[in-house]
Each structure stands twice: as structure tokens, then as C-alpha cells.
Amino acid sequence: MATYKIAVVPGDGVGPEVMDEALKVLAALEKPYPNLRFILSEHPIGAACYQKTGTDLPDETLEACKSNDAVLFGSAGDPNIRFDDGTEIAPQLTLRFLLDLYAGIRPIKSYPGVTPLLTNDPPIDYVIMRENTEGLYASRGAGVRVGDEVAVDNMVITRKGTERIVKFAFEIAQKRNGAPSDGIRRVTCVDKANVLKSQAFFRQIYDEVAENYPETARDYAYVDAYTVYQVRKPEFYDVVVAENMFGDIISDLAAGTIGGLGMAPSADVNEEHGVFQPSHGTAPDIAGQNIVNPIAQILSASMMLTWLGSQHNDADATQAAKSIDDAVARILASKSAHTGDLGGKAKTTDVGDAVASEI
Ligand code: ATP
């Protein structure tokens, strides 16, 4: 029997609401998977925590994130509670740096039953690999401001940081079936190599790593043009790799094309640690009303199980992840539990109930 210790950090805004539904779904796995057990421990994080204790990421929470088998994260931050320099509280970014979670995995997948912004035929099914530890966000908290006149943030691209994320992207492509439009395994390098030295370096290293994967097609796009391709030909993409901030932006646009932020899960991992959270933030406009879509959080819990399955060579965990994915696909296809963002009337709690009972 496999027992996994999970650090649960619901955070602010809609975080606790979507987390409750994901935990409901994990609990539903106990009966069909008697050999899979979770020990859950909840920890404070985020803006409310900062207001109360003076820190958004207490030592105890960080320690739990390091020592547990995985971290299930809700969302954190509040536009009304900020650090002294005016920036928003974002412990999820701090965690990525402190745990060196260099690989941000953002699957973008359309589902039958969810009216897409774009055509669903062929379906959209690609993965954005966002570099998480450097790029422009390396300047977070470290940029320079000179009075009221000048402010500077630097884009940091290192050989090591780029090699490992590009390698990760090509490895993920080996496990997939290629792009929906033509079945070709393809890794697209999204950058701004035509303007910035740092980005030309990123592309150079992409090419060096790609040499080791001759069976996988190379592809390139400048990030500005890529936003058009995401809308015009999303079915062409299989795996996409980008610097930190570009990856952040194209992930949100991609989520919009498959039904909105409530549909997009994510994983931030390295060889040792994994943090799993929805791509959306705290959505303060809809918090506390039982109307937020919890699918992204539920699918993030599924990604956590897939990761645990591969880390521990545990077929039960891998299969349990598939049970969640299949249950989500079924309830979306039947339109039995669509929240308002998907054009339905279901409550947040209805969605969790529906997925749990489907399992
Ligand atoms: P952040 O800056 O941390 O990304 P934010 O509050 O600016 O957070 P999001 O929370 O990501 O932005 O979401 C923007 C808007 O999209 C929300 O205000 C909300 O209206 C909508 N939204 C986001 N997530 C969901 C969801 N799961 N279900 C329904 N609507 C959502």
C-alpha cells in the first residue's frame, strides 16, 4: 500500500473553495483504490497570512512543502494587500524559486461539452512548458528603481536553466502522440530571438538540445506572432517551451481558448518536488459565492497523482489520475455540472460532488 503525504495550502480568494472540491475528489478515490492513501496536512500561505503574521510564506509552511511528497496549492494574493514596494503577494513564485521548481507544465486541452472559443475539431491538446526560475521574473524583488525617474528589471537566461527546461519539453514530447492536426511530435520554441540577445541565446540552446532528439520536429515562433497562432491554429501545437514571463502570458491566453482559466491546471516540478495548482489566481470578484469553477484545481490534483505515480513507479496513482480525468471528461460532456463561466448554473460544490460520484 502506498501512502502519500500531501501539504495542502488553500491560500486566499477562491483558493479554499476550489481546494475543498479537489479534496472531495481525492477522498472519493479511497474506495476504488484501497492501496492508495493520503495523509493531508493544511498550512497557511498568502495575503491573509501576511496580514496576520507579517509573512506570506511561514517557515513551517515552507518546511512542509519541502518534506511532504507533494504540495496541492490553491491560489494566493490579494490586490488590496501588498508589499511595501507595491508588488502583490505571490508566495507561489517564491516557492518556485526556493524549491527550484524549474519546469512549469501547463496542459491545454479542449473537452467535448465545453463550448470553446475556437473550433474544437480537431481538438486542442498541447502542453506549455514554462521556465519557472529565471527569465524576466528573476528580477522579482531585485530590480532597480532610481527615485521617480527610472526602473529596471533584467531578463536572465542561463545555459543550465535553458538546457534543463528544453530537455524536459523534448522528453514530454516523447510520451505524447504528437499534435492533433498531423500527429507529428513537435516542440515549438517561443521566444523573441529577433530582438533580444538573451532570447537569441535561449533559441541557440534550444537548437543544441534538439540535436539529441532528431525524431521530434523543431518549430519556432516569435512570442508576439505566437499569440496569433494560438488563436488561428492551436491544433498545430504539441509541446511549447518558453521563458518565464512569456510562458506566463501564453498560458493564460491558451486557457482562454479552451473555456477559460477555470479549465487550466498546472504543475511546477523538478526531479524532487512538485507543486500543483490551477493556472488561475484568487479571482476576488467571485470569491465566497460558491460559483468558481473547480475543474482546474481538480485536474491539478490529477496531475499530482500522475507525477507521484511516475516518481514512485506506482501504477495505482497513475490509474487514479486517469479516473479523475475520465470522470471530469464525462461530467463536462454531459453538461450536468457546468459553472457560470462555462455557461451553466452549477455551484462549485455541485461540480466536486459530480466528479466524486462519477469516480
Ligand atoms: P492573478 O493575478 O493571481 O493571476 P487575478 O485575480 O488577477 O489573479 P485570476 O484570478 O487568474 O486573476 O482570474 C481573472 C478572472 O477570471 C477572475 O477575476 C474571474 O472572474 C475569472 N476566473 C478565474 N478563475 C476562474 C474560475 N476557476 N472559475 C470562474 N472564473 C474564473
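This is a predicted model: local features need pLDDT of at least 70, side-chain atom pairs count only at pLDDT 80 or more; totals for chains, interfaces and linings use all residues.
User: Which domains does the domain assignment give for the protein chain?

Analyst: Domain 1 is made of two segments, 1-105 and 265-359, and domain 2 covers 116-258. Taken over C-alpha atoms, the centres of domain 1 and domain 2 are separated by 24 Å. To the contact between them, domain 1 contributes 14 residues and domain 2 contributes 17 residues.

User: How should I read the area buried between domain 1 and domain 2, and what is its value?

Analyst: Buried area is the accessible area that two parts lose on being put together, summed over both. Here the area between domain 1 and domain 2 is about 1300 Å², and carbon and sulfur atoms give 56% of that area. On the side of domain 1, the residues that lose the most area to domain 2 are Phe 97, Tyr 102 and Ile 105, together 46% of what that side buries.

User: How is a salt bridge to be understood, and which residue forms one with Arg 164?

Analyst: Side chains of opposite charge can pair when their charged atoms come close. In this model, Asp 100 forms a salt bridge with Arg 164, and the closest N and O atoms are 2.8 Å apart. The count between domain 1 and domain 2 is 1 salt bridge, while a search of the whole structure finds 19.

User: What distance separates N and O in the salt bridge of Lys 24 and Asp 353?

Analyst: The side chains of Lys 24 and Asp 353 meet at 2.8 Å, N to O. This pair links distant parts of the chain, 329 residues apart: Lys 24 belongs to helix H1 (residues 15-28) and Asp 353 to helix H11 (residues 348-358).

User: Which residues surround the ligand?

Analyst: Among them are Leu 261, Gly 262, His 280, Gly 281, Pro 284, Ile 286, Val 292, Asn 293 and Asp 341. Thr 282, Ala 283 and Asp 285 also belong to these surroundings. An N or O atom in the side chain of Asp 285 is 2.5 Å from an oxygen atom of the ligand. For Ala 283, a backbone N or O atom lies 2.8 Å from a ligand oxygen atom, and for Thr 282 the corresponding backbone distance is 3.3 Å.

Technical notes:
Residues are numbered from 1 along each chain as its sequence is written. Side-chain values use heavy atoms; hydrogens and water are left out. Domain bounds come from an automatic or database domain assignment. Contact means heavy atoms within 4.5 Å. Buried area is the accessible area (1.4 Å probe) that two parts lose on being put together, summed over both. A salt bridge is a side-chain nitrogen of Lys or Arg within 4 Å of a carboxyl oxygen of Asp or Glu. A residue is near a molecule or strand if one of its heavy atoms lies within 4 Å of it. A polar contact is a pair of N or O atoms within 3.5 Å; within protein, one must be able to donate a hydrogen and the other to accept it, and residues adjacent in sequence count only if both atoms are side-chain atoms. Helices (H or I, at least four residues) and strands (E, at least two) are DSSP runs, numbered from the N terminus.
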